[in-house]
Amino acid sequence: MLERRSRSADAGHAPHEDLVDHLVRSTPLQRGEATRVVLDVLAYFDEPAEAYVRRRHRELQSQGLRNDEIFERIRHELPHRAVAPPDLSARQLRRLVYG
């Protein structure tokens with residue numbers, strides 16, 4: 001069921017099932033809900049930097065922020081991604097959004 005970022009399954013045990021088991025034991029989540037949470041988190045961290053920059057730009061723009069504020073905020077968020085991209089300047093961020 002869980003296949004994202006999988007290594008070969010050991011003895012028929014699907015990848016990340018141990019995490020799903022832990023969530024089921026430690027939260028009120030049912031197994032299906034815990035599986036969806038794990039897949040959502042993995043998808044969030046699998047998002048390429050370019051897609052993240054574009055998505056965050058749209059989100060922050062919809063909140064009424066100006067580009068200089070947006071690009072500064074995104075520059076500070078990027079290093080905290082699971083696999084941080086190289087440090088990007090405001091100009092490089094602008095090029096990712098506008099081409």
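I started with helix H3 (residues 49–62) and helix H5 (residues 90–98): their axes come within 9 Å and cross at roughly 85°. Axes here are lines fitted to C-alpha atoms, for helices over the stretch in contact, with angles from 0 to 180 degrees between N-to-C directions. That makes H3 roughly perpendicular to H5 (65 to 115 degrees).

Notes on the model: it is predicted, so I kept in mind that local features need pLDDT of at least 70, side-chain atom pairs count only at pLDDT 80 or more, and totals for chains, interfaces and linings use all residues. Residues are numbered from 1 along each chain as its sequence is written, and side-chain values use heavy atoms, with hydrogens and water left out.

Next I listed who touches whom (contact: heavy atoms within 4.5 Å). From H3, I found Glu-50, Val-53, Arg-54, His-57 and Gln-61 meeting Leu-93, Leu-96, Val-97 and Tyr-98 of H5.

Then I looked at helix H4 (residues 67–77), where Ile-70, Phe-71, Ile-74 and Glu-77 are buried (under 20% relative accessible area, 1.4 Å probe, protein chains only). Down the axis of H4, these buried residues fall within an arc of 120°, so they line one face of the helix (arc of the directions from the helix axis to the C-beta atoms). They pack against H3 and H5.

Last, I checked helix H1 (residues 17–26) against helix H2 (residues 31–46): the axes come within 9 Å and cross at roughly 125°. Among the H1 residues meeting H2 I noted Leu-19, Val-20 and Leu-23.

Methods
Helices (H or I, at least four residues) and strands (E, at least two) are DSSP runs, numbered from the N terminus. Angles under 35 degrees count as roughly parallel, over 145 as roughly antiparallel, 65 to 115 as roughly perpendicular and the rest as oblique. Buried means under 20% relative accessible area, exposed over 50%, partly exposed in between (1.4 Å probe, protein chains only).
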